[in-house]
Amino acid sequence: MNYVIFDLEWNNAYNYKLGRGMNEIIEIGAVKLDEKLNITDTFKLLIKPRLSTKLSSRFKNLTHITADEIAANGIPFEYALKDFARWSTGEGNIFMSWSNSDLYVLIDNCKKFLGNSYIDFLKKYVDVQKYCQSFLQSDSGNQISLAHCAEAFNISLSEENLHRALEDCYLTAKCFKSVFDKNILSDYVINCDGDFFERLVFKPYYLTKNVTEGFNVYSQDLKCLFCNSALRTLTDFESVNKTYRAVCECKRCKKKFWAFIRAKMTYDGVVVSKKITLMNNKRARLMNKDEK
């Protein structure tokens, strides 16, 4: 078994077919560690872009990769992925990257250029950022950058070498090795079956239709803030800024409320959040007049 730490550098390009921007991979880097965490091999390839040959200023400033360098040494994405698959093959190998954003971009590129979002050679995966961050005392909940993690672990780094795929892999390996615990790591290993890849590429979205498959805004249980009695709706629900909104009244105490409901479609189903707020007196009086 080996630990394969990989890193991607990508350029933001516009995908006209999808009508949105897309992160197109320009470089793949990786290091292979044996069970004693010794680096046994490295991998590095440049990829010729297909969506856009124009490199963004941000990409060039971060990576210092030039168009001439890509033209001279880049290969098509499909060949680069095959080379990476051959290089990284091995029974029980665990793949790692700094956050799962690289994995998401890799799947997105596979889907676009190969027509398949399933990466068959990737069987086990660890978000090494999440693993390393578990050893740090932090209440913010924000994801820590690779550079800041290295500093927290007292690992020296050179800023000019960051944001090149292979160099970032070296630094990730140092962070990983500094807090390696096989027993703790086992809790972070994910088996990459079809469900894993489908879940990763699924993009949650808010529902805006009052009735749709798996959700009915009219069936939501709405309670009075004061007496916990059921509320009846006085107006139909309207969708405003991805939120359903309606005027409600308590059947018992006759107080009027605004009901706000949000319904998000996730991979596992619809997640509903509700908020009930008391209507101000002026607006409530106007509603009473309208009812009369």
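Predicted model: local features only at pLDDT ≥ 70, side-chain atom pairs only at ≥ 80, totals over all residues.
Student: Is strand S13 largely enclosed or exposed, and why?

Tutor: Strand S13, residues 256-266, is largely enclosed by the rest of the structure, because 8 of its 11 residues are buried.

Student: Which strand joins S13 through 6 bridges?

Tutor: That is strand S12, residues 243-250, and the two run antiparallel.

Student: How many residues lie between the strands in the hairpin of S12 and S13?

Tutor: There are 5 residues between them, and Lys254 in this hairpin takes a positive phi near 65°.

Student: And how many bridges join S13 to strand S14?

Tutor: S13 and S14, the latter covering residues 269-278, are joined by 10 bridges and run antiparallel. Ile261 has Lys274 in S14 as its bridge partner. These two strands also form a hairpin, with 2 residues between them.

Student: In what sense does strand S7 pair with S13?

Tutor: S7, residues 205-206, pairs with S13 in the antiparallel sense over 2 bridges. Tyr205 has Met265 in S13 as its bridge partner.

Student: Changing topic, where is Phe59 placed?

Tutor: Phe59 belongs to helix H1, which spans residues 57-63.

Student: Does Phe59 count as buried or exposed?

Tutor: Phe59 counts as buried because its relative accessibility is 4%, and the cut-off for buried is under 20%.

Student: Which residues does Phe59 touch, not counting those up to four places away in sequence?

Tutor: On that basis, Phe59 touches Glu9, Trp10, Asn11, Ile26, His64 and Ile65.

Student: What separates the C-alpha atoms of Phe59 and Ser97?

Tutor: They are separated by 19 Å, and the two residues are 38 residues apart along the chain.

Terms used
Residues numbered from 1 in each chain as written. Heavy atoms only, no water. Buried < 20%, exposed > 50% of the residue type's maximum accessible area, 1.4 Å probe, protein only. Helix = DSSP H or I, 4+ residues; strand = E, 2+ residues; numbered from the N terminus. Pairing = 2+ DSSP bridges. Contact = heavy atoms within 4.5 Å.
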